[in-house]
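Thanks for coming. I will go through a few side chains today, starting with a charged one and then moving on to rings. Please have a look at the structure first.

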Amino acid sequence: FLHQVDSTNAGRVLASDAAVFLKKSGLTDLVLGKIWDLADTDGKGILNKQEFFVALRLVACAQNGLDVSLSSLNLPVPPPRFTDTSSPLLLSGTASSDLPWAVKLEDKAKYDSIFDSLNPVNGLLSGDKVKPVLLNSKLPVDILGRVWELSDIDRDGMLDRDEFAVAMFLVYCALEKEPVPMSLPAALVPPSKRKPLSVPGAMPLIPPLTKESPQSLPPVGILAAKTPLTQ
């Protein structure tokens, strides 16, 4: 992985090169920003070999549902996974359209009936309509924020029927004490949303995503309701 971003063997990785590479992990900008902050210890915007290895290890932790923190570095995790169809070294798993969807048919029918009961408009539910259902699970708000972020696959602030099924699936997993992943596993991406990801310059680079950018946090804001909700 280091040779792919440091082809000249300079022993250092520039922020822009690291950003493009780390985006292929499928993790959210929020998580990648946190990983960058932890790895770039002196804030130079450049990672040396050791710091790049720390970043890779933290990516692996996040992909396996572990905390993104320095204390997770010694935990046993499989190597990080990166999606890039142009490189034989990188696993290209996320766009696999032939993977069976993790949401079972009978569960989907149950989630669909909840979806319809919430009066969707044009086949979409706003965050305000989904929020009471999520809060009703009594899960911690940070977990619900991650559920929202993972299920709003097209990032339009609304959930369609398939995205709502993903949200419900993740909520039930969390209620069964299973960790909510940091990035959406390929098997959970609805077949209707599976297409090769194109990211040429469309996404902001990672380093600017510091703690001062609250605009990257709408999902949690949607859910952090202080008023008691009775469902």
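This is a predicted model: local features need pLDDT of at least 70, side-chain atom pairs count only at pLDDT 80 or more; totals for chains, interfaces and linings use all residues.

**A buried aspartate and some rings**

Asp40 is buried and yet has no salt bridge. The nearest side chain of opposite charge belongs to Lys44, and that is 5.2 Å away.

Where does Asp40 sit? Its place is in the loop between α3 (29-39) and β2 (46-48). Leaving out residues up to four places away in sequence, Asp40 touches Gly45, Ile46, Leu47 and Glu51.

Now the rings. A pair of aromatic rings is described by the distance of the centres and the angle of the planes. The count here comes to six aromatic pairs. One of them is Phe1 with Phe21: the centres are 5.7 Å apart and the planes stand at 55 degrees, so the pair is tilted. Phe1 is in the segment before α1 (2-5) and Phe21 in helix α2 (residues 15-23), 20 residues apart. Phe1 is partly exposed, with a relative accessible area of 33%, whereas Phe21 is buried, at 3%.

Phe21 also pairs with Phe82, again tilted, at 4.5 Å centre to centre and 35 degrees between the planes. Phe82 lies in the loop between α4 (49-63) and α5 (105-117), so this pair ties together parts that are 61 residues apart in sequence. Both Phe21 and Phe82 are buried. Together, Phe1, Phe21, Phe52 and Phe82 form one aromatic cluster.

Last item: Lys110 lies over the face of Tyr172, 5.3 Å from the ring centre.

How values were computed:
Residues are numbered from 1 along each chain as its sequence is written. Side-chain values use heavy atoms; hydrogens and water are left out. Helices (H or I, at least four residues) and strands (E, at least two) are DSSP runs, numbered from the N terminus. Buried means under 20% relative accessible area, exposed over 50%, partly exposed in between (1.4 Å probe, protein chains only). Lys and Arg count as positive and Asp and Glu as negative; His and the chain ends are not counted. A salt bridge is a side-chain nitrogen of Lys or Arg within 4 Å of a carboxyl oxygen of Asp or Glu. Contact means heavy atoms within 4.5 Å. Rings of Phe, Tyr and Trp (its six-membered ring) pair if their centres lie within 6.5 Å; planes under 30 degrees apart count as stacked, over 60 as edge-to-face and the rest as tilted. A charge sits over a ring if NZ of Lys or CZ of Arg is within 6 Å of the ring centre and within 35 degrees of the ring normal.
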